[in-house]
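Biologist: I want to understand the words used for this model. Can we take them one at a time?
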Amino acid sequence: MKKVKITIDNKEIEAIEGANLLHTSRLNGFDIPGLCFHHRLTPTGACRLCVVKVEGMPGVVMSCTLTVKEGMKITAFDEELETARRHTLSYLLAEHNEEYDGTYYDEMMPLIERYGLASKGNRPIPAFWHNIPPVIDDTSPVLTYDSSKCIKCFRCIKACEEIQGKGVLSFAERGITKYIVAGYGKWGDSECDGCGECIQLCPTGAIVEKPNRERI
Ligand code: SF4
Ligand code: FES
């Protein structure tokens, strides 16, 4: 493991060459938002919340898709980046059912507060999630999936594939109507063995454990 020096918001830090830039930034106190990244999974670059500026690279880039290189100069926080993140979060909220029953940790909630989007009147993009027909899969004995709460972050798919080595989950359809399927259709008919890894890594409660988990 080679240590290198990089700069984030004018602060020089020592980092491991090749390490994930978003993870490294967070470990060093730069709380860059991001919902699709999880340090146990390969990065996806799906939510676009983790944008930063990197000297020598045009525009903004998703920090979760970059690795640390000697001499990198990063801007993690400025007005333009924060405005872009607020707009992106507002879009995610617009296509997302926020109903919350308090039984899981919703990673969006602290971001909603942080970006001043708790009041629906403050949101630049009006909600449209209720115009998308929801797909509810309640056929598993251990969990329920609700597409109206799904932000299409890929974390469940990757948790199943990369951590559990099963590869049971994938997306059906495209764009805003896409939703998670297990196997070729219903969760209850799939190879899912109810390990719960997807429940643990889902950031928004789109996959939740059933209150009285049945035995498989
Ligand atoms: S079910 Fe959860 S983890 Fe899977 S894509 Fe949707 S929001 Fe992400
Ligand atoms: S955390 Fe980087 S794009 Fe989602």
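Biologist: Why is Tyr104 called buried?
Modeller: This is a predicted model, so the value is computed from its atoms. Tyr104 has a relative accessible area of 15%. Buried means under 20%. Therefore Tyr104 counts as buried.

Biologist: What makes Tyr100 partly exposed?
Modeller: Its relative accessible area is 35%. Buried needs under 20%, and exposed needs over 50%. The value for Tyr100 falls in between, so the residue is partly exposed.

Biologist: How do you know that Tyr100 and Tyr104 form a pair, and why is the pair called edge-to-face?
Modeller: Check the centres, then the planes. The ring centres lie 4.9 Å apart, and a pair needs centres within 6.5 Å. The planes stand at 85°. Over 60 degrees counts as edge-to-face, so that is the name for this pair.

Biologist: What makes Phe154 and Phe171 an edge-to-face pair?
Modeller: Their rings are 4.9 Å centre to centre, with 80° between the planes. Pairing needs centres within 6.5 Å, and edge-to-face needs over 60 degrees.

Biologist: Now the domains. Where do they run?
Modeller: Domain 1 covers 3-77 and domain 2 covers 93-209. Their C-alpha centres lie 25 Å apart. The contact takes 15 residues from domain 1 and 17 residues from domain 2.

Biologist: Why is the link between Arg114 and Asp31 called a salt bridge?
Modeller: The side chains come to 3.1 Å, N to O. The limit is within 4 Å, from a nitrogen of Lys or Arg to a carboxyl oxygen of Asp or Glu. Across the interface of the two domains, the rule finds two salt bridges.

Biologist: How much area do the domains bury between them?
Modeller: About 1200 Å², with 59% of it on carbon and sulfur atoms. In domain 1, Leu35, Arg40 and Leu41 lose the most area to domain 2. Together they make up 49% of what that side buries.

Technical notes
Residues are numbered from 1 along each chain as its sequence is written. Chains are lettered from A and ligands numbered from 1 in the order in which they are written. This is a predicted model: local features need pLDDT of at least 70, side-chain atom pairs count only at pLDDT 80 or more; totals for chains, interfaces and linings use all residues. Side-chain values use heavy atoms; hydrogens and water are left out. Domain bounds come from an automatic or database domain assignment. Contact means heavy atoms within 4.5 Å. Buried area is the accessible area (1.4 Å probe) that two parts lose on being put together, summed over both. Rings of Phe, Tyr and Trp (its six-membered ring) pair if their centres lie within 6.5 Å; planes under 30 degrees apart count as stacked, over 60 as edge-to-face and the rest as tilted. Buried means under 20% relative accessible area, exposed over 50%, partly exposed in between (1.4 Å probe, protein chains only).
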